[in-house]
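Here is a short briefing for a first look at this structure. Start with the view below, then read the points by topic.

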Amino acid sequence: MPRASQLSFAALAGSLAGGLLALQLANTGLQLPAPLTTDRMRAEVRYQLAVESAQAVRHLPWNGIPFKVYAAEAGRAGVPAADWLAESARARGARTLTVGAAFAALGLLLRRFRRHYGAYVALLGAGFTAGLSLIVAGWS
């Protein structure tokens, strides 16, 4: 479990650093590529940012809109970097650390079935692909 915590915190730090960089780049007018995103996603995030500013990122885990869309639109909207970082840490932290703990627990439970690791990875990949496809289709 300690290793999983370290990895979860490292993933969170990387995510926050990437979000802050995307915010700053968008703030300068740079348009970053955003594959698997839609105009509807961007419009929804612009609306949320206009109403809630940096706190709009709290919708992130529930609506399926990628963090990169929130970061870019927040940069274009001129959301202050400190506010963005604080709210992103709350929103991303809850999700990243919870998912990290869940996968750590799953790893412990499945430890004795290591010989089926390939099947686990294939199922996880298929599930992720199906979920992502449904989210993008829902926002198209």
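Phe103 is partly exposed, with a relative accessible area of 43%. Here buried means under 20% relative accessible area, exposed means over 50%, and partly exposed lies in between (1.4 Å probe, protein chains only). Phe103 sits in helix 5. This is a predicted model: local features need pLDDT of at least 70, side-chain atom pairs count only at pLDDT 80 or more, and totals for chains, interfaces and linings use all residues. Residues are numbered from 1 along each chain as its sequence is written, and side-chain values use heavy atoms, with hydrogens and water left out.

**Nonpolar patch**
- Helix 5 (residues 81-109) gives the largest share of the patch, three residues.

**Overall build**
- The protein chain has six helices and zero strands.
- Helices (H or I, at least four residues) and strands (E, at least two) are DSSP runs, numbered from the N terminus.
- The C-alpha atoms fill a box of roughly 50 × 35 × 25 Å along the principal axes.
- Of the 140 residues, 29% count as buried.

**Salt bridges**
- Side chains of opposite charge can pair when their charged atoms come close.
- A salt bridge puts a side-chain nitrogen of Lys or Arg within 4 Å of a carboxyl oxygen of Asp or Glu.
- By this rule the count is five.
- Asp39 pairs with Arg42, with the closest N and O atoms 2.7 Å apart.
- Both lie in helix 2 (residues 39-52), three residues apart, about one turn of the helix.
- Asp39 is exposed at 59% relative accessibility, while Arg42 is partly exposed at 21%.
- Arg46 and Glu73 also form a salt bridge (3.5 Å, N to O).
- Arg46 is in helix 2 and Glu73 in helix 4 (residues 67-76), so this pair ties together parts 27 residues apart in sequence.
- Arg46 is partly exposed at 44%, whereas Glu73 is buried at 5%.
- A network of salt bridges links Arg46, Glu73 and Arg76.
- Glu52 pairs with Arg58, the closest N and O atoms being 2.8 Å apart.

**A buried asparagine**
- Asn63 lies in helix 3 (residues 60-63).
- Asn63 counts as buried, at 17% relative accessibility.
- Beyond its neighbours within four places in sequence, Asn63 is in contact with Gln48, Tyr70 and Trp139.
- Contact means heavy atoms within 4.5 Å.
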